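Please open the model in your viewer and keep the selection tool at hand. The stops below are meant to be taken in order.

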Amino acid sequence: MSKVEREFLAARGDQLNQGNYQAPPFLPRKPIPNIGLERIDGERFFSPEFMRREWDRLWTKVWLLALRESELPDPGSYQLLDFGKESFLFVRGEDGVIRGFYNVCQHRGNILCQAQQGDATMFKCPYHGWEWNIDGTLRNVAHPNLYRQFDGGIPKDELGLTPVTVDTWGGWVWFTMNRLAAPLRDYLGELAVHLDTYELEKFQLVDYQTFEWAGNWKHAHDAFNESYHFEALHPEFTNITEGYDIPIELNGIHSRMLNFNATVSEVAAERDRLTPLRTKMMGIGAGMVPADYSGSAKNVHLEIIARKRAMQDDTYLPYRRMNDEQLAHQYHYTFFPNATFTQSAESCIVFRYRPHATDPNISYYDFFITAHNPPETPTPEYTHHVYRHDSLPDYAEAFRGTFDPVFTNVLKEDGSNMPTMQRGVQSDAFKGMILCEQEVRIRHFHQTIDRFLMGDVTIPPLATNA
Ligand code: FES
Ligand SMILES: [Fe+2]
């Protein structure tokens, strides 16, 4: 049990063990802390020097999301993950344990495993044929008699694959390059305890796609961690969600916000009528048939909460453990620096933002659709694609029906800002970002990066709402 969990048990009178713990609601909301008003520079988005410091002092220090545990179903199942300049190899051992390694041949430094995923009994470098077992130990050197270095025996320990530290939470495999990192649960902290109420380990991976964007990874992060842009960039969203002046909380190096679903934004001219778009996008959930509902469009979420509460003892979904906000709305959590969970009771879309190997002007936006399906649902099938920035697909086509076209259009709108932001922040006329209170998660994120780059890699709270 981690330190955070022990502290929680103590603070909440062991309620976690009794199964009646509920995630703390956002409402009534706590004031957003004032963590400064200064402009944030543009150089961080395009400077090769800033990118190098991020590698040395940020990426190599933090915990990073790798993949779903279910993607490694059997002993020998493996997957590769490109992260910045590195290739990582995750593999389930004969003992069932998931391990992670730098995917690098110890002979002359070739990339060892070159198929993106598969099942292996060992890994053999295609160059000269050195071999490793799936637990990372050296299996065979081709003709060791040719090496004077091995006259006294092959130094097997020295020639094993270089490991990364791996742990799991919520059905996800996480890893860190930092041998001195705090345990994963301590790193994720209290926010992971909140999300435990959704029983994430039972979610199935429905789809996973990657979009290469012509913008720095931090633009992608910033695009998905405030809702202030909904009205201008996604006007259709004002019909189905509230993004104006929503609750936001900072928590250590992480943060969360509450996106209200199944309501009409207060910025909309008319909030009561159930238009076809509103009906389509709000009528889902808890078996609700739009024809049954005669109330105001802005109050659909209240009806959804009432219906889910009424059926909480008659469903495989853990509604009973959830507070009312969780039943209808989206708990939007970002674990620093690059994993965002957009969480609802029935599904969670997870975003991961990855840097390019060498170019600060390019990044990778990974999109995982997960769902808490009924037990015994067959494992969903999907094919992962990496769509290049100069040939991005129509987003609806990329998801082939796993994501509603209303939302794929929203994604297209978000993606459209990447090259224009990347260009604009490099202008001589750009004086730095001015961030409003609704963009405090972005300010907090960049301040946290700055702290890491200054060498402060401790986890204690930077700011909280408490
Ligand atoms: S580089 Fe891998 S065996 Fe030679
Ligand atoms: Fe957006």
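This tour of a predicted model goes from the domains to a nonpolar core and then to a group of strands.

**Stop 1: the two domains.** Colour residues 3–62 and 185–453 as domain 1, and residues 65–167 as domain 2. The C-alpha centres of the two domains are 34 Å apart.

**Stop 2: where the domains touch.** Eight residues of domain 1 and seven of domain 2 make up the contact. To find the domain 1 side, select helix 3 (48–59) and strand 17 (347–355), the elements that each give two or more residues to it. Which of them gives the most? Strand 17 does, with three residues. By class, the domain 1 side has six nonpolar residues and two charged ones, and no polar residue.

**Stop 3: the largest nonpolar core.** In soluble globular proteins, nonpolar side chains tend to be buried together. Here the largest nonpolar core holds 107 residues. Select Leu64, Ala66, Phe88, Phe90, Val173 and Trp174, which have the most contacts inside this core. Domain 1 and domain 2 each supply at least three residues to the core.

Now centre the view on Phe90. Which residues does phenylalanine 90 contact, apart from its neighbours within four places in sequence? They are Ala66, Leu67, Leu72, Tyr78, Gln79, Leu81, Ile98, Gly100 and Val173. Ala66 and Val173 in that list are also among the core residues with the most contacts.

Stop 4: Select residues 254–261, which form strand 14. How many of its eight residues are buried? Six are, so the strand is mostly covered.

- Strand 13 (residues 248–251) pairs with strand 14 in the antiparallel sense, over four bridges. Asparagine 251 stands opposite histidine 254 of strand 14. The hairpin of these two strands has two residues between them, and glycine 252 there takes a positive phi near 60°.
- Strand 12 (residues 241–242) runs antiparallel to strand 14 and is joined to it by two bridges. Look for threonine 241, which faces asparagine 261 in strand 14.
- Strand 15 (residues 330–335) is also antiparallel to strand 14, and five bridges join the pair. To locate this pairing, select asparagine 259 and its bridge partner in strand 15, glutamine 330.

How values were computed:
Residues numbered from 1 in each chain as written. Chains lettered and ligands numbered in written order. Predicted model: local features only at pLDDT ≥ 70, side-chain atom pairs only at ≥ 80, totals over all residues. Domains from an automatic or database assignment. Contact = placed C-beta atoms within 7 Å. Nonpolar A, V, L, I, M, F, W, Y, C, P; charged D, E, K, R; others polar. Core = buried A, V, L, I, M, F, W, Y, C linked by C-beta atoms within 7 Å. Buried ≥ 20, exposed ≤ 12 C-beta atoms within 10 Å, placed from the backbone. Pairing = 2+ DSSP bridges.
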